Amino acid sequence: MSKKDMEDESCSPRDAEIQQMFVIKTELNDDEEEESILPDFPTVTEYVKMEIKSEADELLDIEPHLGICETELDDDDDDKEEDIKMEIKSETEELIEFVGMSETETFVVSTAPKVKVKSETEGLLKTESPCLDESVKLYDIRRLEKYGDVSFVIKRIDALDVSVSYSKAISSVEKMLEQLRRNNIPTGIGIAFRIFNHTPSSCILILGILNHKCHFFATDKFMASKDLHEQMSRAGIEYLLVSGHMTVGESFFERLDKFLIYNEEYKLFKLKANYTDGPPMLARTLPDNMCYTITTTGTTGQPKVIHVPYECISPNIVGLSEKLNVSMADIIYLGTPCTFDPFVVELFLALQNGAAVLICHHTMRESPSKVLNALFPNSVTSAGITVLQMTPSLFRQFGTSAIRNRILNSSSTLRVLLLGGEPFPNCGELVTWMDPRVLLHKRVCNIYGITEISCWSLLHIVRSLQGSHIPLGTPIDDQTVVKIQQSKQLNTAELLLGSASRRTYIPELDDRMEGKRIKGMVFRATGDLVCRTQANSIIYQDRSNDVVKRAGIRISLGFITRKIEKCLPSGELVTCLWQEQFQKLICCIRTLELKTKVQQRAQTFDILSKLLICEQPDRFIYLQHFPCNTHGKLDKELLLKECIPLAQPAQEILKSFLHDRLEWLGEPPKRGTKLAKMQRLEKQKQSPTRPEGYELSFRQAGGTSFHAITLCREIGLRMCIDDEQRHLFEILLDENVPLKTVFGFLDTAKLVANNTKLKPLEPPLENAPGNAESSGSGNRCGLVIKRIQQPANIRFQLHWKVNFNKCIDSPVAEYEGRYVCVGAHSKLLRTLDPRSGLELSAIKLPDRIECKVTFLSLELAVVGCYDGGLYAFNPLTGDIAWHVSIGGMIKAQPLLSADASRIVVCSYAEDYNVICISSTTQEVLWCLKVGEKPIFASPIELPYAQSVIISTLDGRYTRVSLADGSVQWAQKCKEPIFSTPAMLDSNVFLLAEVAGEIHACHTGNGRILATFKADGNIFSSLVVKSPPTYMGQSFVIFGCIDRHIYCLRTRTTQPILGQLSVSVSFDLHWKIDAGAPIYTTPTLINNQPTLVWSSTTDGRVVLMNFNNGEIRWSDKLPGEIFSTSCYIESLKRVYVGCRNNYLYCMGV
């Protein structure tokens, strides 16, 4: 079958509708195409003349309040045009000069067609650029009637398409206008809306607002009602339309009406006027002809409210339509969230040209593969998209293979790819995405802009894959001006964008003018640092806020990133992050394939060899994907959280640094085998005095004073005594102190549990970073390390006890050592002072409490109740903040996601036993029925995976996506699961069947890798400890109904080159008879040595040595114990609930 036959056969109904209209569309001739590629720019003098005329003989008024270096002309100097021209001519000569000695480097770029001077006396220049008829806007339904039955919105749900034509959309808009008039909604105002995702009704909603001669404001669906009220007040907007299944708080909004928009219910609200805590309304009136209001993401500074007139966005749409040749035949993917202004371009491009927008049921964050199948279906009856606009980070989620074979393949339907909002991929990455010949018939574009001049400003169509970096391009329309401003302090140049007509209103900036009218050219700072090539192209370099000070030296994260990029294979990505608290430079590398530790180390040291000492990252993190935020940009904040473990032990910090950053391979080879012994003897013969492993000093392992400063700054946060931090710095730089002594010192140092302080390290001047290889302190050790002997005996004493009136079965919770919180069968939920036991607050819930409290912050926590409610409360005051009905008893502790945005609640509910709610808005995000039985065990979150493991009382264990609740895999055990699972490492989690079997399972598919069988039922949850001195091993501790506490030693073998599987082994380390069955979970007590606290059903409390299980102390409380204890390290106290109705506080 020929390609033409294939095209004819795959012709969609939409293509048939517009085929005749499409063939008469005028194509660009060769001259026009050449002109769009190589525009004829006017000179600076011509530009100045145009500006003078455009202001109708008024002075060119460039306002300095916008934070840029412009020339402000006095308003009184308007008597002579010649004086103005001479003043501007003087300024122009400075602007044209583009040498490094100039304070401000500027050049003007315009894509206006070539113009001519009508007469020398007039000095006027006219452009013949196309423009819209201002009387009829592109979204006017009178204009859209001509498209008739052509598809406007296509909603694709798997293989099913639901199409809404322009005529149907217009009919729905007219009905909506009737509803707005019936509710006496005035024209010329702003109307906010709140939707969950794009739908056909949301597109019609926007059209209805605009045709009511109002402007729209898309709000964040996760924003709390109070914050939403404040934001709308700042924007001067009173009315709000909310999608039917969403809601807002009655304290802040008054409900006016509800009505249907294309079969979807919307509720109409108005801000309550009696709410006095919000900020004042706008200080001045909005510009005429408003189109929409939007907020920035904060990329160029603090988030701002931007008011966009029609004159600002209209030239953008017209210019893009012409440059990209958009027509009625196009299908544009409407995938950008409505809170990110590029979505306006997607929708308005379709309205301008009679094209269709395609809406997908899935999102890129949930499932890139499902989005790919929707955009480029394999079915010949479903049309693929022709125009795709995305951020590079989001586009990469498709994967290199899918991009090359399905998206940027010569046979795909895609005609235009717009990548913007982030640095454009370099040519090395583009080569992995496509064959160079694809550029002959597909337009791959670098599109650039800022919300402050909504939306896009510059466009570059890629013509070749040669070179290194792609330019930002030239202005899309003839009303945008580019300016480059040189900064002597940073030795860089910042890009500014300006326009005399495309001007938004930004209250945070523009209200500073105290009532003055902004006239003439207005420039907005982008925050982007750029350079100009010899070919007059603008190349993006860095963000201005990515220049940081490291140990007194100013470094550019972008510059370091580009240096590291040159060391990476094609297709691999790198980003450098700065962790301000620890003053750490983190290098994150995204690899196409999983690399072994050996491969990672080899690449790490290759990179380090090409960087200066001050440029060398403190840590290298190898990942297979980078996270994106809600707008599809690289989520650096989340990436930083993933890269910096929160409560990492000091010994682990040092060990990780030695392994990942220095040429140190750890301990010597294991003893015991003949081969190892022969190798050791051979090494001793060759170098009898050469140390290895822990015998090396920090310097011998490759450490420098620069490294020592970084380590001491991070480890010092956990040290209680300042002198110990200085001692650590000294022994790290002392070549006579081996690493084993350093680890020993860290074992004995007084460390805090959390990062509660930040102390500056002030090293001697001779050890400053500039003298990285200077010798250590003259005092070779500076510290006498004494071995702390194990105590002969340990005795716990009772500090206080509090009566809860009925038994306490709920696990005890504590918040950063500030207070303890626990509920009881008496329905009481108490928060107590951990030192004295004094009551801070008490709440009486409707039913008993067996659920452990989850803390969201110091002043907010959630707990489940037997009445099926999830209650949020302030532990300090006892006030209930909100309540959500779950539908069944809640015994499992609610899970707060790692990004603190979601709460996963597992329950005994019959309909849905798993519900995910927003932690800020309390709306239900998704719900799920897992298995056929209730859920007792708490869910756990997989690190860096946005997934949770949920286990049920029918033996099922399932991996569920946090984003949408989709089941990623499901497995089943023979017996129920009461025990909460635990993570062994990033690839393996542990699970306990009630029958006594402990399973190690793979996080990727749930497959059981290893099993250990205990001699009784297991209700206790699992505790995992990985001491730094036991390299490659972890220990699992749990209690059993057979009266024993078990400690298992596990060893995990990670995948190596050519081997994809993970292997796990279990060995019994020790087990101790506690004298009675054990229901509760053991608690680890950090002491010298580490101790294990456990309690039994007959009231015994037992303290054991973690290393060998030896019982060091035991006692018995006057009641059964089913409540898991908690331990506050700073107080050295244990808190345990008892069935004699008391909560006990016991300490050393």
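**Close-up views of a predicted model**

**View 1. Hairpin of S33 and S34.** The hairpin of S33 and S34 has six residues between the strands, and Gly878 in this hairpin takes a positive phi near 85 degrees. Strands are DSSP runs (E, at least two residues) and helices likewise (H or I, at least four), numbered from the N terminus. S33 and S34 (residues 880-885) pair in the antiparallel sense over five bridges; pairing requires that DSSP finds at least two bridges between two strands. The bridge partner of Gly869 in S34 is Ser885. This is a predicted model, in which local features need pLDDT of at least 70, side-chain atom pairs count only at pLDDT 80 or more, and totals for chains, interfaces and linings use all residues. Residues are numbered from 1 along each chain as its sequence is written, and side-chain values use heavy atoms, with hydrogens and water left out.

View 2. Five of the five residues of S33 (residues 869-873) are buried (under 20% relative accessible area, 1.4 Å probe, protein chains only). Gly869, Tyr871 and Phe873 point one way from S33, and Leu870 and Ala872 the other way. S32 (residues 860-864) pairs with S33 in the antiparallel sense over four bridges, and Val863 has Tyr871 of S33 as its bridge partner.

**View 3. Packing of H10 and H11.** Helices H10 (residues 310-324) and H11 (residues 342-353) pack at an angle of about 65 degrees, with axes 10 Å apart. Axes are lines fitted to C-alpha atoms over the stretch in contact, and angles run from 0 to 180 degrees between N-to-C directions. H10 is therefore roughly perpendicular to H11 (65 to 115 degrees).

Notes
Angles under 35 degrees count as roughly parallel, over 145 as roughly antiparallel, 65 to 115 as roughly perpendicular and the rest as oblique. Buried means under 20% relative accessible area, exposed over 50%, partly exposed in between (1.4 Å probe, protein chains only).
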